[in-house]
Amino acid sequence: MNVLKKGTGGCRKVVAAFGDDILLPDGEVDRPKLGQIVFSNSDMRQVLNRLLAPYISSGIFLEVFKLWLRGFKIIVLDVPLLFEAKMDKWTNPIIVVWVDPETQLRRLMGRDGTTVEEASSRIGSQMCLDLKKTKADIVIDNTGSIEQLNDNFREVLMQVKKPLTWTEFALSRDGAIVAFVSILFGVIVCRKALKPN
């Protein structure tokens, strides 16, 4: 889901707010340039978040609904601003991938080729991982290698795949189908029982 893709409502709103200077020659948003603007100015970051929040939320819910209809039992969402966007109330369990601040800074600089100041500004613009860790149901430690992270994720996935509670089953696609069939059966039986001979 790319809410900044050329021609989308999100792209039009962002260009209207930030100007054509944030566009590449092909009309796509220059994400690094937009990132420099919003991660160095909290007011501009709030403007961006306000503009894109409805597109992000509706896009996520639409994708989850499609997967639910297709019968997926587990859907993993990667939402960096889960708590800030107040989407945590719609997810269960909440899994936070945690790393210590020094490693987070080093990895971000390595990934994006940014300076210490730019990476620190970007990290500082989000809720700190230690606070997210306190709000999580499950925490995955990401201080090790990618292989260790994959092993930790597989362990968590096994934990998440355990049998559903009755409430979780009722909210699942299978639970919805059982409820629908039960109601339909009940209506048919009642109609036959109430039908005069």
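Predicted model: local features only at pLDDT ≥ 70, side-chain atom pairs only at ≥ 80, totals over all residues.
**Helix crossing**

I looked up how helix H4 (residues 101-112) meets helix H5 (residues 116-124). Their axes come within 9 Å and cross at roughly 115 degrees. I noted the crossing of H4 past H5 as right-handed. On the H4 side, the contact is made by Gln 104, Leu 105, Leu 108, Met 109, Arg 111 and Asp 112. H5 contributes Val 116, Ala 119, Ser 120, Arg 122 and Ile 123. I sorted the residues of this contact into 6 nonpolar, 2 polar and 3 charged.

**Aromatic pairs**

I searched the whole structure for aromatic pairs and found 2.

I took Phe 61 and Trp 90 to begin with. Phe 61 belongs to helix H3 (residues 42-69), while Trp 90 is in the loop between H3 and strand E1 (95-98), so the pair ties together parts 29 residues apart in sequence. Phe 61 is partly exposed at 36% relative accessible area, whereas Trp 90 is exposed at 59%.

I then turned to Phe 65 and Trp 68, which are stacked, with 5.9 Å centre to centre and 20 degrees between the planes. Both residues lie in helix H3, 3 residues apart, about one turn of the helix. I read relative accessible areas of 45% for Phe 65 and 25% for Trp 68. Phe 65 is partly exposed, and Trp 68 is partly exposed.

**A charge over a ring**

I also checked Trp 98. Lys 133 lies over the face of the Trp 98 ring, 4.2 Å from its centre.

Note on methods:
Residues numbered from 1 in each chain as written. Heavy atoms only, no water. Axes fitted to C-alpha atoms, helices over the stretch in contact; angles between N-to-C directions. Helix = DSSP H or I, 4+ residues; strand = E, 2+ residues; numbered from the N terminus. Left-handed = near helix turned anticlockwise from the far one by under 90°. Contact = heavy atoms within 4.5 Å. Nonpolar A, V, L, I, M, F, W, Y, C, P; charged D, E, K, R; others polar. Phe/Tyr/Trp six-rings, centres within 6.5 Å; stacked < 30°, edge-to-face > 60°. Buried < 20%, exposed > 50% of the residue type's maximum accessible area, 1.4 Å probe, protein only. Lys NZ or Arg CZ within 6 Å of the ring centre and 35° of its normal.
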